[in-house]
Amino acid sequence: MLPQPSTAYLDAMREGIERRARAAKAARARIRGRGAEEDYEGQERVWRDLTALGEDLRGDLHNLAFDLHDHPEEAFQEHYAVAIIAQLLRDHGHEVEVGVGGLETALRAEAVSPDFDPQRDPTVAILAEYDALPGIGHGCGHNIIAASAVGAFLAAAQRMEGARGRIVLLGTPAEEGHSGKEYMIRAGAFEGIDAAIMVHPFSFDLAEHAWVGRRTLTATFHGVSAHASSEPFMGRNALDAATLAYQGFGLLRQQMPPSDRLHAVITEGGQRPSVIPDTATMSIYVRSLMAQTLKDLSQRIDAVLDGAALMAGVEVSKEWDVHPTSLPVRNNHVLALRWADTQERRGRRALPGGVVPDTLAASTDFGNVSNLVPGLHPMLKIAPQGVALHTKAFAEYARTEEAVDAAVDAAVGLAQVAHDALREPALLHAAKEEFEGAGGVVRVE
């Protein structure tokens, strides 16, 4: 029987989460995003209407979430997904454009207030993801992301009264291992957008959480082949260089900030033991919590690879970012506070940032969007604590009635945040002010 890793660290982490969650509960009044000048009665009418519309859409969202789950498609191949989402939108009377932002499986629909003026009035984008993982399916719950976003758009579109502006639904393909949103940014799909909002399933309800930036790298070492027994001195071993680089990464981790992550595998290292390999290839992921530290770590990786090649007497070629970099997510606290309020009213407790440790962090191309405009990317509990993303267990929880309940809660919440951003100029102004104070627009290049 294989020895099992100790759960001591996870146990201590869970205890810390519960302790911080109790402290956050005592201060829940501070996460209400209501403004003093707001028309309370009008806001209550909007909330009641959006809640009713969200519940009316429950059957559609259930069918959409389960249908996507039953037909998982990998990045850039989401033809079935985009077709059924587009048909659902058309069934509700919306015009849909498929193949936007330079991607065949991206889509766009919009709803505008009667007096909408694009030169004057704001636009809020609700983002949907729907790609799946190879071999696992919807182990990241993108079927729930799509159902939540579609439900939010349909509900908000039916309740434009009192709002002034435009709500856009953007279907964004290829998040898993890729950067579909960055391609759409470069193609102009986010031009004219003032804020972007979406949710992501998880094992906690979180108003804010850390998401690290990610770069990808393929490094290939080029040496000289030789017979490993009769003339090994005539060879230059490319696998030696890859091994040295792998060990170098392990030593580098001691000097990395706690939020940085580095993963590598050797995908090619020779064919026969009797032949010194003249080619060896590594696939590498580099992650960090800040854009600058991601850049710094990338430079250290370059140095390790160059050093390994020098020691083995070979050459190295490096191909960074076959798909564009995913930047760290910049959470917008103003929008997160409003989201937390909607979820409290739905019976959920959306915990503030810092309750769940930043070490439980993955990467998403929404980071690129959140560095372009104010962004909301909360986490939505659909699975018990301890069930990790990108697992078959999480995929099973993404096809449950409880997950559909969460999608309806999220649809109502996103619809409310979008409506509030159009209805309350002060809210969007505060979100933009925070965004500019955090550094303004940051682009991958």
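Let me start with D131. D131 is buried (under 20% relative accessible area, with exposed over 50% and partly exposed in between; 1.4 Å probe, protein chains only), yet D131 has no salt bridge. A salt bridge here is a side-chain nitrogen of Lys or Arg within 4 Å of a carboxyl oxygen of Asp or Glu. The nearest side chain of opposite charge, K181, is 6.9 Å away. For charge, Lys and Arg are positive, Asp and Glu negative; His and the chain ends are not counted.

A word on the model. It is predicted: local features need pLDDT of at least 70, side-chain atom pairs need 80 or more, and totals for chains, interfaces and linings use all residues. Numbering runs from 1 along each chain as its sequence is written, and side-chain values use heavy atoms, without hydrogens or water.

So what does the side chain of D131 reach? It makes a polar contact with the side chain of H142 at 2.8 Å. It also reaches the backbone nitrogen of E175 at 2.9 Å. Polar contact means a pair of N or O atoms within 3.5 Å; within protein, one must be able to donate a hydrogen and the other to accept it, and residues adjacent in sequence count only if both atoms are side-chain atoms. D131 sits in the loop between β3 (123-128) and α5 (142-157). Helices (H or I, at least four residues) and strands (E, at least two) are DSSP runs, numbered from the N terminus.

Now the salt bridges. The count is 24. R346 and E55 pair at 2.9 Å, N to O. R346 is in the loop between α9 (333-345) and α10 (366-370), E55 in helix α2 (residues 40-56), so the pair ties together parts 291 residues apart in sequence. R346 counts as buried, at 18% relative accessibility. E55 is partly exposed, at 32%.

Next, D405 and R58. Their closest N and O atoms are 2.7 Å apart, in a salt bridge. D405 lies in helix α12 and R58 in helix α3 (residues 58-70), so this pair links parts 347 residues apart in sequence. D405 is partly exposed at 34%.

V408 is also in helix α12 (residues 401-423). V408 is buried, at 0% relative accessibility. Leaving aside neighbours within four places in sequence, V408 has contacts (heavy atoms within 4.5 Å) with G54, E55, R58, L61 and R346.

Last, helix α7. N237 caps its N-terminal end: a side-chain oxygen lies 2.8 Å from the backbone nitrogen of L239. The buried residues of α7 pack against β7 (213-222), β9 (261-268), β11 (279-288) and α8 (291-312).
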